[in-house]
Amino acid sequence: MPFIPHTPDDVAEMLAVIGAQRIEDLFDEIPSALKSAVLSRVPQALSEMEVGRLMSERAAQDGRPLNFIGAGAYEHHIPAPVWAIATRGEFYSAYTPYQAEASQGTLQLIYEYQSMMCALTAMEVSNASLYDGASALAEACLTAVRANRASTSRRILVARSANPTYLKVAQAIAGNQNIRFESVDFDRQRGDALAASLRAYDGEDVTALVIQQPNFFGVLEEVDELTDWARTNKVLLIAVVNPTSLAVLKPPGLWGSLCDGKQGADIVCGEGQPLGVPLSSGGPYFGFMTTRMQYVRQMPGRIVGRTLDMQGRPGFTLTLQAREQHIRRAKANSNICTNQGLTVTAATIYMTLLGAEGLARVAEASLARCEELVTALTAIPGVRATFSGHRFHEAVLTLDRPVAAVLAALAARGILGGLDLEERFPELGHALLVCATETKTTADIAQYAQALGELLAVPLVARGAA
Amino acid sequence: MSDIPSDLKYTQSHEWVRALPNDQIEIGITDHAQAALGDLVFVEVPELGRRLTAGAACAVVESVKAASDIYSPVDGTVVANNAALASNPELVNQAPYAGGWLIRIAVDSGNAAANLLDATQYERFLADEAQ
Amino acid sequence: MQLHPSQEPVVFELSRPGRGAQSQFPPQPSKAQSLPPHLRRAEPPLLPEVSELQAVRHFTRLSQLNFSIDTHFYPLGSCTMKYNPKACNTFAMLPELLGRHPLAPDSASQGFLACMFELQEMLKDITGMRGVSLTPMAGAQGEFAGVAMIRSYHRARGDFARNEIIVPEAAHGTNPATATMCGCTVKEIPCDANGDVDIDALRAAVGPNTAGIMLTNPSTLGVFERKIEQVARIVHDAGGLLYYDGANLNAILGKVRPGDMGFDVIHMNLHKTFSTPHGGGGPGSGAVGVAERLLPFLPIPIVGRDGDRYRWLAERDLPQSIGRLSGFMGNAGVNLRAYIYMRMLGREGMTRVAEYATLNANYLLKRLLAAGFDAAYPSRRASHEFIITLKRQHRDYQVTAMDVAKRLLDYGFHAPTTYFPLLVPECLLIEPTETEAKEDLDRFCDGMIAILREMIQEPEKLTSAPFTMPVRRLDDVRAAKQLDLVWKRADTV
């Protein structure tokens, strides 16, 4: 019996102590009508060897295509020590650190993580993580509603140049609490949020404004102007940011000008996956959230604090738990119970190994590769860069024909060419979102350019009816 | 045995009420409540001028174990709050009926607090709860 | 556990300017990249500057300060701390699975999708449900999905008055918190002296505003809800739906199906019942299952099959879905680990889980009762967990459940869950799980017996415990009042 250590002697001794004849007697409180038949759609057990074979076959089926997709999940080199250490049993199979004295490893690591996220985002306090970037945005919106006492409208403006899936998730999670999301359009030429369209909201009761940097198109937003507008209109600024980019971009804590003693975004969130977490089909990742100290009690999720033990030695513990579900229950800030412990562990080790210099090198290398990619691809007739704004490591390209068929043909050649934007942004026409990080070599880019060149060399007319 | 001054009134949600001149009242939490909560780490009181509704939550007291809402016993307006609690929430534990007061309220005219218990009734209420 | 000095410096204290794990840095690009100056970062962020060995040593040493399932018996009630098979991790981290981009086309993802589809099917079979979505990323998100689906169901029928969720007093805190997050109000009902839901209170509580009831079975009190069929009838007759909190699924795996008990929607905790790693607090996975009438509302995306091809089903296929709860499709890596575990358990293995988890719990209960401890429900069978109350010891010796928990650490056991459920004073909720051997349970009992003796003769051994951990008992009042949540340079404690 897999993982069950009991011998028949064990069972007999234990039943004797309990005073039962058979194990089945222990279920005698369950009405017999409810006791189900054998599970018919669960296959027979496989040995570890057999499962290993099965999983290898499934993995081989999917292979390792050359990946140029970004769109919220980014392929970066993950140093070998990261998961070697994160999968140590003492991290991997440890529980939530509720018994602080037996969890100092996890707790200190989270404290270090919180410190690093504050440093990266230039904010005053961080929580111990949320599920992912999208749900972190939902939680940030709920936090903004709690924190913005001056506003009662529960209206949140979201740039259309932000990740559209994030907005969907925010609507699914926060929509049940009377929050209205409204869109701020983007500039068709530059690809960034239209600061001018904010004028329409001057003087109105708006709770928060959501800006993503770099935005979903990879374009850099004019964050200072947008932040200043928010501050002037008493609108809380929610920044959705890419952590790798923060090694080289101005952090949200320093966006905009100093006004009324305040500067920067009010709540910062984003997807932590680029920091040492593999693509892994979309999860597990982690969402990060940092904010001003004045909002610390409005922030959801766990927080670790440093304190002293009864002999005056420093130690770490979960704190401010009275805000959380297990104590506040119906009045809790959120129902969140888990944090993403294991992926946060990986990210903390990753950030320690790279440091500021290493992370900046990853950012710069990714920037450079993306430029190389755009140059190579736009050299192909039928491909042009869609937007004129400055980019980070992603770009939107306009093709001369429907993107879906092109991507399918590239996939057949083992290349994942990018994300088809036609459905998400029909006004952009045949738009393709491509990404290149430090993991792509000149040869990889040449391979993509070669394949795309061949595909697009087939004239449009000859391809017949669409 | 918790301290229950005889000159105050009490609610079933463990607030005490002290009558002040000019139709004002002062409220806080009882000795029983502060003992149950443990050391307070944070107190949130409403700002001056805030309108309060009888029975609605108007403040929060937070310990390591729990965060509890404080309910206003009347309709009225906040005329004072205990600013010392921002840096010294432990005042509520040390002197719940004196230095640990929370809010002073100007009661809306014709709106005397209903369903208040006197000291004896509150003591009996605590004894019943303990069963 | 080996003792280590309590002071492992915070990693920033190890920094020296110019240090870094150089071999991890990508090559410098030949051309400097231009970013607009007003958007560029002026000062580098304060991150550690240490060598690779220093980093490895630091985090390895931190790991050694933890208790974990791999090192300690961990009888945390309601958490199901069973062995996390290494194979689940090894196979989930095969490079092709690990490196797959979530937005890779279906054509390049048939292997992965096959695993997810089969996982959905197995979970349907186990729970007696008609549909499953793997997207909720944690139990709490699964609960959210469940309540949101109930709400959507009523609104789709034009019934906008049903906004009340009934929750037993003993419920886990996420239950009422979830109801509020979904825009519902919460109505709490008591349980009776035997730990079952108070049927009269339930009858009085249901009505035209009832959206549904959230229940765990076995309940958070560690006992099977014997009147569950009656509860289901009362709630359904009043027009409400039944939500099952799957936290205790380990107790009935392969024995009873929530669908058969009358539940309309269930969330499962794959990180409990299906042994995915707890990871120091996460990630979890809160898959949801639904009966027929809630199928249209499942959170997306889910995996569908057309002939022998698998594909994602999303907005177009489920237009009434409650929507997306994650940026992609949930915690895929966690779901893969659960899939691998379930393939290794197989059909018989599932049933054995509940049988041996229940055997272990009942054995521990009997031994602790014999040793002089009081159970909350001594006349009931333990499910896969049970509650010991230290109310008497608290009265007689002034020791608390917290003191016992801390002293257990010195004996080399992680403490059981304490102070949950809130209903039972000074309680320990104990769940051994099926992967523990008899002699480990006996050692735990011996430890508890020794602590009982200490309670009477040397209570300070409990009240000042633990003594042998890297730190002594921590001042959590200070932690909450003097907030130190971020390391600052030139820090002194």
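Analyst: The crossing of α1(A) and α9(C) is left-handed. This is a predicted model, and every value here is computed from it.

Which residues make the contact? From α1(A) come A:Val11, A:Met14, A:Val17 and A:Ile18. From α9(C) come C:Leu359, C:Asn362, C:Tyr363, C:Lys366 and C:Arg367. By class, the contact divides into six nonpolar residues, one polar and two charged. C:Asn362 is the polar one, and C:Lys366 and C:Arg367 are the charged ones.

Now the wider interface. The contact between chain A and chain C takes 167 residues from chain A and 173 from chain C. On the chain A side, helix α10 (residues 341-378) gives the most, with 21 residues. That side has 86 nonpolar, 53 polar and 28 charged residues.

Next, chain C as a whole. It has 14 helices and 13 strands. Its C-alpha atoms fill a box of roughly 70 × 70 × 45 Å along the principal axes. A compact globule of 493 residues would have a radius of gyration near 23 Å; chain C has 25 Å, which agrees.

Some backbone details in chain C deserve a check. The peptide bond joining C:Asn217 and C:Pro218 is cis, with omega about 0°. C:Pro218 is found in the loop between β4 (210-215) and α8 (228-237). A cis bond also runs from C:Gly282 to C:Pro283, with omega near 5°. C:Pro283 lies in the loop between β6 (265-268) and β7 (288-290).

Chain A has a backbone detail to note as well. A:Ser129 is not a glycine, yet its phi is positive, near 110°. A:Ser129 is found in the loop between β2 (125-126) and α6 (133-147) of chain A.

Last, a sheet in chain B. Six strands form an open sheet in the order β1-β2-β3-β9-β8-β5, with antiparallel pairing. Strands β1 (9-10) and β5 (51-52) stand at the edges, each with a single partner strand, so one side of each is left without a neighbour in the sheet. Within the sheet, four bridges join β3 (residues 24-29) to β9 (residues 103-107) of chain B. B:Ile27 has B:Ile103 as its bridge partner in β9(B).

Conventions:
Residues are numbered from 1 along each chain as its sequence is written. Chains are lettered from A and ligands numbered from 1 in the order in which they are written. This is a predicted model: local features need pLDDT of at least 70, side-chain atom pairs count only at pLDDT 80 or more; totals for chains, interfaces and linings use all residues. Two residues are in contact if their C-beta atoms, placed from the backbone, lie within 7 Å. Helices (H or I, at least four residues) and strands (E, at least two) are DSSP runs, numbered from the N terminus. Two strands pair if DSSP finds at least two bridges between them. A crossing is left-handed if the near helix is turned anticlockwise from the far one by less than a right angle, and right-handed if clockwise. The radius of gyration is taken over C-alpha atoms; the globule rule is 2.2 Å times the number of residues to the power 0.38.
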